[in-house]
Amino acid sequence: MISLENITKSFGNSNAVSNVSFSVPEGSFLVLLGPSGCGKSTMLRMLAGLDQPTSGKMQFGDTLVADGNTGHSLPPADRNAGLVFQSYALWPHMTVAGNIEWPLKVAKLPTEERRARVLEVMEMLGIEKLANRYPGEISGGQQQRVALARMIAPRPKVMLFDEPLSNLDATLRVEMRFELLKVHAATGATAVYVTHDQVEAMTMATHVAVMNNGRIEQFDAPDRLLAEPASAFVAGFVGTPAANLIPIENGKWFGTMPDPLLRDQSGHAMVRAEQITVADEDGPRTFEAVLAEVVPMAGRFLVTGIAHGIRITAVSDQVARPSGKLRFRLPSAPAAIFDKQGTRIS
Amino acid sequence: MTTLLGPIGSALNKRGLTLAMALALVVLVAAPLATILVQTLYPSSAAWGDVLASRLSQNLFWRPTINTMIIGLGVAAGCVLLGGFLAWLVVMTDIPGRPAIAFMATLPFMIPSFATALAWGTVFRNGRVGGGGGLLEGLGFAVPDWLSWGMTPTIVVLIAHYYSLAFTVIAAALATVNGDLVEAAQMTGASRKRILFGIVLPVVTPAIIAGGSLAFAGAVSNFAAPALLGLPVRMQTLSTRLFGMIEIGQTERGYVLAILLIGISAIFLGLGNRMLSGRRSFATIGGKGAKPRCFALGGARLPLTMAAWVICILTTILPILLLVAASLAPSSLSLFSDWTLHYWIGSSDPAFARGQPGIFHNPLLLSALTTTLILGASVALAANIIGILIAVALTRQKVPVLSNLVSQLSFLPMLLPGIAFAAAYIALYGAPIGPLPALYGTKLLLALALTAAMLPFAVQTGRATVSQISGDIDEAARMTGAGFFRRLGAITLPLAARGLAAGLLITFVNVIGDLAITILLYTPTSPLLAVLSYSYASDGFHQFANAVTLVILIISMLATGAATLLRGRRRQSFT
């Protein structure tokens, strides 16, 4: 449905997005995930048609919507796409119903049809009681629902979201995640969702593009990101808790503990928290750490300690000794090894 | 309260400060206003009949009122158009040099309106009322009366003065609609025109109304422009009529006119307010996506850039240059020849300018200069101290009724035309009150009136300062155990100093450029610069008037420049 071919966007001399290619089928939920400044919002704006790519092609289905090489670009409204802004961008001088109806008026829908659509989406999002209120009079979570309703009322084939949940508190965020998925399922449209929150990516996406410095580090299904991270960046960015990346030097953990399994490699070894155990006494592949924190989670404990200046997290069934010191035991084999550039070796 | 202010807090009891401020405001603001009302009704209310319903009323009230309304509406419309146009260019388009245009567009308000009026005269004056023609007549054009004097020049000059107000307000509103709100509309496929009329205009309408009503209130109460450009051809407005009545001793009639002028100004500001409060609050939520998007002007870029710069230069630099030339040229017909410094430093010569010496030989000028500077500085200081105290009282002590009274009274002078306010001061303090001597004709009265008039602005500055003192920042310092004075010195003052200093300077500029209040209250023995310039001009000594005006302008520009520097640097380093 959406396919990108070598999309690049430059501002002056620097590339905000470099050479990005991917495609997702119709009805999928694509999350663009990455830290701030990684180019994900620029990607979204290009998909929306608010920015134009410097080079590369972008297709929605069979329609070429933008071609940076020829300068061709379909205006936003002709792309059959809707966008929910991070700030919601509700028009403050229109009521809730007015906000939802305006795009339909612009699209010249007959009055009856407009009324029916407005009612339908308001019911879908449970905001029909707010119809005559103004955006300034309703809460942040309600504004979010109105923005969502306004976006889906014209029934776009592509739904775009720019960090829509970042202005909400934690409880509302969980509730809205579910709401968004419901809307996605009900409309069957293809969604592209920008976020820096890997939990949102893991819970909502069918496809995730992890972005860093304007490039795609990995394009995969959420579970594949966890199971087979393509780079050290991905390994350290996804997962709750994220996997430990332990520096290795010439086949030695931390450059000090030799281990034949590391095969003389240098770089980082990925060790998941559930592979590390809290050891009672000294032994092979154990090391000392200073206790940093213990987080109770689902009946178990995430124990974090600091060794050689690195935070190491393990999953444990019992609370660590309160002495301030503890001992971790490494597994017999790391889950993955990355070289100094962060590229996966094994 | 006690813990917050330490020793000072315990010295004042819980309501002391609010009570003291309420008293001060009653003396400074409420009492004079009450007095003019009483004096026009008691012992006799004949003045009301004279003004409103007698053979004289056509000339006393109705014609000046019609003129005043035409000026007010014309200026409001012109300011919204001009200020709105520049605001649109600066906020929403890719016009080159936007920061420079934005800066230039805020300057005209700092140039006293009598300076712009005098500059108009140097170009468009014709010989009809004596004193020689202006530049255009010198070039051989016959300048018609309507362009030289009266309504048209008054409106144009006042637009050139007040459009900055509309610009500032509208630009701020446009900045909030720009970005996501417009992009959300673009996503729907709405045309540019539809976005403009469906989204942008409705969202900035409150700002347009606010900008327009501020310009209206300013224009109807302005004295300098109609006095310099209208009086020579007997065009009267309420403010010039009011001045005339008091000057010839018909004070009751003057007071009635003052009340009516306040009424007209208040009705329109009230209407504006009403339209605003009927609307929803248009606060929009910020997000990182809300960065301004500028749309490309394309082929219109060059002409629009030219237009913007022409407006800015015509209303700022050009009037100043014209005044400079006109203060040097012996003949107002040829501004750029035979320049002489006589009008500045020449000694008395019977063959030249009827024996009038240059302004720096005029003993009145030097005394006017010192009086103006001292008065400006002391009023700025007094107003800002009271402003801070009021701000403290309003934020720290919530006393029912009294707090509300303080807040309302401190903003009342904003709605009061300066000349009407001055008339009220004459009414109350012109005669002895009990053991207190009459203050009329003393500098103290002038200082009191100016202080009261500057209060609204000073309270704003004070509130900004106090919000620094009372916020998290101060609490963070309190947690360390630092005492009140230590915090004042180490946290509050360093943070607030620049803003306070800038506030002081702006008040100072407003005081030295004021003519509406000073023209009624100055002391004949030591007038102020603005009054001196006005009396030179009304005696036909234009070169001298221009020279004195330039002195005021130079002081104003230095102070404004310093204030801008203080504010600008502060913004960079703290946000």
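T286(A) has R329(A) as its bridge partner in β20(A). This pairing belongs to a predicted model, and R329(A) in β20(A) is also the bridge partner of T277(A).

The surrounding sheet of chain A is open and consists of five strands in the order β16-β20-β17-β18-β19, with antiparallel pairing. Because β16 (277-279) and β19 (310-316) of chain A stand at the edges and have a single partner strand each, one side of each is left without a neighbour in the sheet. From one strand to the next, the twist averages 50 degrees.

| Strand pair (chain A) | Sense | Bridges |
|---|---|---|
| β16(A) and β20 (residues 325-329) | antiparallel | three |
| β17 (residues 286-297) and β20(A) | antiparallel | five |
| β17(A) and β18 (residues 300-307) | antiparallel | seven |

In the pairing of β17(A) with β18(A), which is antiparallel and extends over seven bridges, P296(A) stands opposite F301(A) of β18(A). β17(A) and β18(A) form a hairpin with two residues between the strands, and in this hairpin A298(A) takes a positive phi near 50 degrees.

Turning to chain B, the domain assignment gives domain 1, made up of 12-44 + 360-575, and domain 2, covering 60-340. The C-alpha centres of domain 1 of chain B and domain 2 of chain B are 24 Å apart, and the contact takes 36 residues from domain 1 of chain B and 37 residues from domain 2 of chain B.

On the side of domain 1 of chain B that touches domain 2 of chain B, the elements giving two or more residues are α3 (16-41), α21 (418-429), α25 (518-521), α26 (529-538) and α27 (542-574) of chain B. Which of these elements gives the most to that side? It is α27(B), which gives 11 residues to the side of domain 1 of chain B that touches domain 2 of chain B. By class, this side of domain 1 of chain B has 24 nonpolar and 12 polar residues, and no charged residues.

Definitions and conventions:
Residues are numbered from 1 along each chain as its sequence is written. Chains are lettered from A and ligands numbered from 1 in the order in which they are written. This is a predicted model: local features need pLDDT of at least 70, side-chain atom pairs count only at pLDDT 80 or more; totals for chains, interfaces and linings use all residues. Domain bounds come from an automatic or database domain assignment. Two residues are in contact if their C-beta atoms, placed from the backbone, lie within 7 Å. Helices (H or I, at least four residues) and strands (E, at least two) are DSSP runs, numbered from the N terminus. Ala, Val, Leu, Ile, Met, Phe, Trp, Tyr, Cys and Pro count as nonpolar, Asp, Glu, Lys and Arg as charged, and the others, Gly among them, as polar. Two strands pair if DSSP finds at least two bridges between them. Axes are lines fitted to C-alpha atoms, for helices over the stretch in contact, and angles run from 0 to 180 degrees between N-to-C directions.
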